[in-house]
Amino acid sequence: MTDRWKGNNALFYWLVMFKTIYIWKGMGLSFQRFRNWSMDCPFYCSLRRAGESCADAQDTGCGTKLCNRVLEMTGPGDRFSALTDFLLTSIFGSMSLNSLAIEDILGPNGLLARSLQAFEFRPSQLEMAFLIEQSIQKEIPAIVEAGTGTGKTFGYLVPLMLSGKKAVISTGTKNLQEQIYFRDLRLLQEATGQNIDAMMMKGRKNYVCLHRYHQHVSQRSLLEEEQGKTRQMLNDWLQKTEFADRSELAWLPDDDPLWDSISSTSEQCLGADCLYLEACYLSTLRNRAARSKIIIVNHHLFFADLKVKKGGFGEIIPRFQVAVFDEAHNMEDIATAYMGESLSTSQLLELIGDLEREIKDLPDSDSAKIRRELDIMRAAVQQVIRVFDDQDGKGRLDPDQFLRISEHPARQIRRRLQLIKGNETLRDSDNAILHSLVSRAEELDLLLEKILSSKDPNWLNWYEKRKRTLVLHASPLDISERINELLYKKVRTVIFTSATLSTNGNFHYIRSRLGIPGNALEGIYPSHFDFGTQTLMYIPKDLPIPNDPDFGSAVAERILDILKRSKGRALVLFTSYQNLNLVWEILKAKAEYNIYRQGDAPRSVVLDAFRKDVHSVLLATGSFWQGVDVPGETLSCLIIDKLPFDSPGEPLVSARIDAIRDRGGNPFMEYQVPSAIISLKQGLGRLIRNSDDMGILSVLDTRLLMSRYGKLFLNSLPQMPITYVLADIDNFFEKLKGET
Ligand code: SF4
């Protein structure tokens, strides 16, 4: 290294420092404060308010404190240059963004209007963006309902981007996650000319674990000729890929069990003991996320990570300042799943299998002893499964089942897990994998204890049968307190948005279910579409009510009447498979159009066939109430068989109903009606997907007109004309024909 080079380098760093001080001073920050920062981390603190101490700062050993976030993203060798890069991007990047305001991007003559041909100025989108901006600036939560066509994602992306804060966006579906990352952010970037540092993260299972991969390929089966080819392809891919994301492997069939053997799981991660830690894709992903301003995840990953954050180990989402939950209407169910405890028999059987494989190298007497204990444990696991032999699906754990599990087999399982935990040969071994298996045994023992000892009346013990696996759950009936502890107390700006969050014009329901802080800002922005002219709602007055035994056949006949008028082109949504199948039997014998049924092929295949076959009919339930996007003529008619109340057969639903009743509330009005309203609004969202769509909404449930709660449903839907006579459907389509 020449003296001249050293001199140039030093000059460059001095220039950077002077420029930095100058800009910070220009930003209203005192020189004195900067001097203080020189002893502390200048980066993370620059994002905080003056005078706050930073819990995330770590002593570097030389009297300087640096933020964990910065330490995470810089290796020991390149720390200074990485810090300089970080500094320059933060300051110069945010300077140019600071010169822009929301209207400059979303306004009628804004950057998006100029760069996007299809952009339509939407005042409600602008209003929504101002509300989000306020929430971010004041660090208070916000609840925003933005009806279909409002342009909701730009409504929060723009203020988020302008704020320069580190944010996590969590979506309910993978489709929306991909749409934001691959489409919306790219459009925003092109329109503003700014580089938006964003990344998308999926659940751990979507990435290769190098430790598991090497374990797998070392097995003989993969060395055999056919699998040898697969191994070579995988190996070639792993040399090139950045994060080893499953979606890059188009050649690997969806159901290939290979992926399960090589993908990452938090249970099997060796953490600091891993031989491949330096090259680990999960670590690369995490480091990349630490440097990104916007991270797009889904609710499953968000809450799984929130749970491990509590334990302080294994998290992959870095700390953030703002959380935006899009599709927040389905947050409660997902959050409940992660805030409770679950243990499956396959977790126990996998541990047994992994231990049997790893103890092979131990002295014979030790391995034989452990193997005997594992055999007893396997038999006890099978005994637990047999307790539910006569049961289907899921249900609450009754006292008899509880006793039959906890008396004998659970005790046997726990005893073996504790023996593994205390086994000195395993603990003293040099094998890191054996150590991680001992830790897993300890965790599973704790989990089983928690599930079986849960006596809290606000928790529910229930089971679920999935093929040959049995899952035992202990779930909180109300997540508001836990979510407050884990999230709202730690992140001040939490934004909830969806096209369907309000019921009867207010947010009481979503506020109470998610325990949203009382000071949250609120905004309801109606759909951009004109439901008054684009739709007609048909509600028959002459059908039997849903619990009448003739309801199913009467509904099938009425659907046939409607299909004649709509010429097929219909999506029919049911609340149960039972009704779906009954109507399917009748329709397939009598209907003149192709009828597709959910479950006859994978979701995407069924949807594709329906989309391409304009006059066809699709019968569906469950997940098809949300996320189906079929714009145009193919979906000119949406038929709903009955109001979508959650099934009281769902263990959590019935337990929540009981809990509300026990505390003197009215579960029907507080919980069941609002939840069904949100589902109905979701269903309706399938009909009108753009400004040119026209269509009929038929709800074949007379309770909408006859019951006292019916008007709450009607008040919650967009304003649209209602008819009770079939002939008006003809008129609607005739008029449409005349206009086109
Ligand atoms: S650190 Fe964990 S995820 Fe990464 S390679 Fe090792 S075991 Fe796999």
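## A pair of helices

In this predicted model, helices H29 and H30 are roughly antiparallel to each other, because the angle at which they pack is about 150 degrees and angles over 145 count as roughly antiparallel. H29 covers residues 651-662 and H30 covers residues 667-684, and their axes lie 9 Å apart. The crossing of the two helices is right-handed.

On the H29 side, the contact is made by Arg 656, Ile 657, Ile 660 and Arg 661, while H30 contributes Pro 667, Glu 670, Tyr 671 and Gln 672. By class, the residues of this contact comprise 4 nonpolar, 1 polar and 3 charged.

## The parallel sheet

Strands of a sheet pair through backbone hydrogen bonds, either parallel or antiparallel. Here, 7 strands form an open sheet with parallel pairing, in the order S16-S17-S15-S18-S19-S14-S20. Strand S16 (595-597) and strand S20 (722-723) stand at the edges and have a single partner strand each, so one side of each is left without a neighbour in the sheet.

Within the sheet, strand S18 (residues 637-640) runs parallel to strand S19 (residues 695-699), and 4 bridges join them; Ile 640 has Val 699 in S19 as its bridge partner.

## Helices across the sheet

Helix H26 (residues 551-566) lies across S15, S17, S18 and S19, and runs at about 175 degrees to S18. Helix H27 (residues 577-590), in turn, lies across S16 and S17, running at about 160 degrees to S16.

## Around the ligand

The residues that surround the ligand include Cys 209, His 211, Ser 264, Cys 269, Cys 274, Tyr 276 and Cys 280. This shell has 9 nonpolar and 3 polar residues, but no charged ones.

Technical notes:
Residues numbered from 1 in each chain as written. Predicted model: local features only at pLDDT ≥ 70, side-chain atom pairs only at ≥ 80, totals over all residues. Near = placed C-beta within 6 Å. Nonpolar A, V, L, I, M, F, W, Y, C, P; charged D, E, K, R; others polar. Axes fitted to C-alpha atoms, helices over the stretch in contact; angles between N-to-C directions. Parallel < 35°, antiparallel > 145°, perpendicular 65-115°, else oblique. Left-handed = near helix turned anticlockwise from the far one by under 90°. Contact = placed C-beta atoms within 7 Å. Pairing = 2+ DSSP bridges.
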